[in-house]
Amino acid sequence: MAEAEDERAAKRQKEGEAEQADVDMPDAEAPAATADPPKQIPVQQLMRAYYGNIFPYQEMYEWLVYSNDSRHAQADSGFFQRREFCFTLDGDIFVRYQSFKDGAELHAALVRQVPAKIDIGPMYNVDPRRRNAYAGLENGFQPRQRELVFDIDLTDYDDVRTCGSGGHICSECWPFMAVAVQILDAALRDDFGFNHILWVFSGRRGIHAWVCDKRARELTDEQRGSIAAFLSVYKGQENGQAKILLSHHPSIDRAHGLLLPFWKEEILPRQKLLLDSAHWRSVLSFLPDQEIQHTLSSRWEAENARGIADEEACSRGRWQDVEDAVARVVNTKAVDKGLKFALQKGLKECVFAHVYPRLDVEVSKKRNHLLKAPLCVHPKTGKVCVPFAAVDAPTFDPDAVPTVSQLLDEFSAERSARQEHPGAAAMEKGEGWKHTSLASCMTVFVQSFLQPLCAAGREELGSKAREAAAQPSLAW
Amino acid sequence: MYEEPPEGEVTIEEIERFALDRLRVLKGIEDAKVRGKKSAELQTIALELVSTHLKAGSREASRWKDAVSHFALRLAFCRTEDLRRWFLAQECELFRLRFRDELPSDQVAFIRQQKLGFQSLDSAEFEELRPLLVKVEQGIGNRDFAATLLQGNPSDAFFKVPFEQVPDLVAQRKVLLRKGWAYVSRYEIAHLVGGRFRAALSHSLNVTHRRWTSHLAADEADRLTPIVESLSSRYLGEDYDSSAGNREVVTAAQLPALARQSFPLCMQHMFNHVREQHHMQHQGRLQLGLFLKAIGLPLEEAMRFWRTEFAPRCPGDAFEKKYAYNVRYNYGKEGRKSDYTPYSCLKIISSQPGKDQAHGCPYKVWSAAQLSAALGAMRLPASAVHEAVTKAKGGHYQLACASAFEGAHQCDCDTGINHPNQYYDESRKALTAQHEQQQQQQQEGTAPGSGTKLPATPATQLRMPAKRPAPTGPASAPPKMSFQTS
């Protein structure tokens, strides 16, 4: 975990630097802790075939060009070209400030350079390859647009998950991610009014969100920071305990409504947080009343000594004990109002501290922060960073995500099947993914994200065109 | 909104005098904020400052002075990014505080007059959102206002703006958000107007900067330029960058002793953390690394220190690959190549260390028990430990740190602590003074008249305690100058 932190931080530091050599990266990877059994062929050796035959570069282009292609008169034709791509080549070499004319050019570069990882940066005022020509000028080289991005990583939940730590991920801790998706998706849509949100599995143990509305792309760093602050409740450690900053706000109430059933039904039983004294102590520490802590602890100790038959029922029952104990104090007339309030607050804070999404806010705050592109392959696990729909988050199975070797097997099976039947049509270039299990993920991407996004983009360009037409022309 | 510069004639002397007066106000506001004053108190302080320094004979004259001084400082503070940022922050704070002082009705009138184009709510929308609006207002403590909302629809109670315009309110969850709209109550209009003020001023500062560098500076070389250039360098606090004077050079070998004697608790803790864990995460490396740089540790020594401490977990090559870049970066040798300044208390307090991270301000982050233990280990008198812990508990982290300083050095700290490097400097100063006195006493005792030899380097001081009998602990105990009794 410590090393993963370092890795992120070192990267962050680099990204803060406007002027930087294109190639260097004293980056270090955390020791591999993958769920996959070791493969005969290292992932990196499969990447050329993946980029060449399967990687859906055309769809990536259609997304990132935001309708600014030659089909539209009002389009900004250099839009895609000003977007930064960063390739991480084999051996941890960072190559920043790459840019491409279109999807085909991106595709060619991928096949030629075979990066282990692709990051997407902001869209700048000028082509990032030509940034040096603008260095030192007032308003020289600056980010113009950037999706609002979020990164949530299960390593940040290590103090509240008991099934594993670090790079570990399993069906017992995926629910943390599933609820994070629901909370954030609701806030981004209902509070901030965003519509085009892409959710992506990050390849190992986390998720990314890309908010792609024009309004989101045009946010300043300060505005991004304010959204990140609005969405975070964990404010570091204070007085030796996690500090949770809640406010009486409708968005917090909405989150609480989503979190509570999930906490009781999923996390408590699955993570077994109330079954042994070390864990329940940290849960109970949120209740500022020694007596309650003591009573419950000793009751549960006694129960444990007798043995627990049904762990799930026991977890539920014990949370009920906690709620009952608080309710008893709150309903006692003689008790001081301050304590009642503090107990109710503690109960709420406990739930938020354990299950409210823990954002890596640094990722969201700055326009020039890089984020791994969707549809990359994670170099350690070989899993593809697949998009998924927010509503499907609870049933998403990180273990069932297709790996690059699996996709390549499916692809070559299809190809040889076609070769055996001379009548069959050859596969279209750029559509290899349609014959693999990536197809279902891409259907989600295209139907629930790309199509509405393109429709909105065309709509906007259309209204721009109408406005332009309404203006008297000064061309003469 | 200071959109137009004032018209009329003004003497150079007047410009300078007015500008200095305004600078006193802005600096005063900054100081008050650093001391942790909250909004109501801050407002009183700011208004007092304005009335002492910016008031003139008549309303007209005050207005004139306000405008002249503002534009004069614009010139003075447009020249570098840092100056612009400082000026922008202080002017916005001043604007907000003064705006708040106006009656709500005047505020609304101001909005109308400035044609800022904020939309009021129609009654259907208000009815729909009423419970939510009430909830938010209750949450931020505007109970009376919430009660009036329950009774009816006061006109102009809320303005509806895109959320992008009120980042402060959004960040603190002080505003209702729905579908991208922020519903700002009339009590928070200051933020809304403040946002516009900030944007406009920020833009003008950039424009002024361009004009100034392109021709004004040269044209005004004998008239305004000297004033402008001197103004911005006055009154601004020390930022402990490497250009600040000739510091004594400190070596890696001296660090352990210096840490024990003169590091504030945050740095002492991080220093010990590195030595025990042989590892430190990124934020910590920045906080400690920049501090060490500023006490006079040169790059080569810093490299030696980090490499040695990290060696058990991260030998040779791995260190070069992972961390050497980082150390050189701190010294402005990599990346953006800017010579970074060490973190101030404010910055350290506002950082949010996660579990098992060592950076941040211990007075804020730790529990009372942890604090007492750590301060006790620094051999502070029990009374000082108690005082520091109580202050920390009350949220006065910097005062707590000052108490610890007083306890550790047996002397008063009347300047307060607002920078770890200030703590260090004060500590060195106090220890040197005590050491000199002590030596003088010794010499007066043994060889009167030869008391001219002064300690030259910290290293000579460090050996001092060993020479003296240590009544309470091992020879390495910090020199708790007990010379009064000897």
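Mentor: By class, 13 nonpolar, six polar and 12 charged residues make up the lining of the second largest pocket. Here Ala, Val, Leu, Ile, Met, Phe, Trp, Tyr, Cys and Pro count as nonpolar, Asp, Glu, Lys and Arg as charged, and the others, Gly among them, as polar. The model is predicted: local features need pLDDT of at least 70, side-chain atom pairs count only at pLDDT 80 or more, and totals for chains, interfaces and linings use all residues. Residues are numbered from 1 along each chain as its sequence is written, chains are lettered from A and ligands numbered from 1 in the order in which they are written, and side-chain values use heavy atoms, with hydrogens and water left out.

Trainee: Which residues lie nearest the centre of the second largest pocket?

Mentor: Rolling a probe the size of a water molecule over the atoms shows where empty space is left. On a 1 Å grid over the protein atoms alone, a cavity is a set of points where a 1.4 Å probe fits but cannot get out, whereas a pocket is an open set with protein on both sides within 12 Å along at least five of seven lines; lining residues have an atom within 4 Å of a point. Grid points are joined across faces, edges and corners, and a volume is the space filled by probe spheres set on the points. The second largest pocket holds about 1200 Å³, and of its 31 lining residues B:Arg59, B:Arg63, B:Asp66, B:Arg98 and B:Glu102 lie nearest the centre. Helices H2 (39–53), H3 (59–77), H4 (81–101) and H5 (104–114) of chain B each give two or more residues to this lining; helices (H or I, at least four residues) and strands (E, at least two) are DSSP runs, numbered from the N terminus.

Trainee: How many cavities of 30 Å³ or more are there?

Mentor: The search of the whole structure finds seven. The largest cavity has a volume of about 110 Å³, and among its 14 lining residues B:Cys266, B:Cys345, B:Cys361, B:Tyr363 and B:Cys401 are the closest to its centre. Its lining divides into 13 nonpolar residues, one polar and no charged.

Trainee: Which residues does UniProt list for "binding site"?

Mentor: The unreviewed UniProt entry lists B:Cys266, B:Cys345, B:Cys361 and B:Cys401; UniProt positions are given in the numbering used here, feature names are shortened, and annotations may be inferred rather than shown by experiment. Although these residues are spread over 136 residues of sequence, their largest C-alpha distance is 10.0 Å. The lining of the largest cavity takes in B:Cys266, B:Cys345, B:Cys361 and B:Cys401.

Trainee: Is B:Cys266 buried or exposed?

Mentor: Buried means under 20% relative accessible area, exposed over 50%, and partly exposed in between (1.4 Å probe, protein chains only). B:Cys266 lies in helix H12 of chain B and has a relative accessible area of 10%, so this residue is buried.
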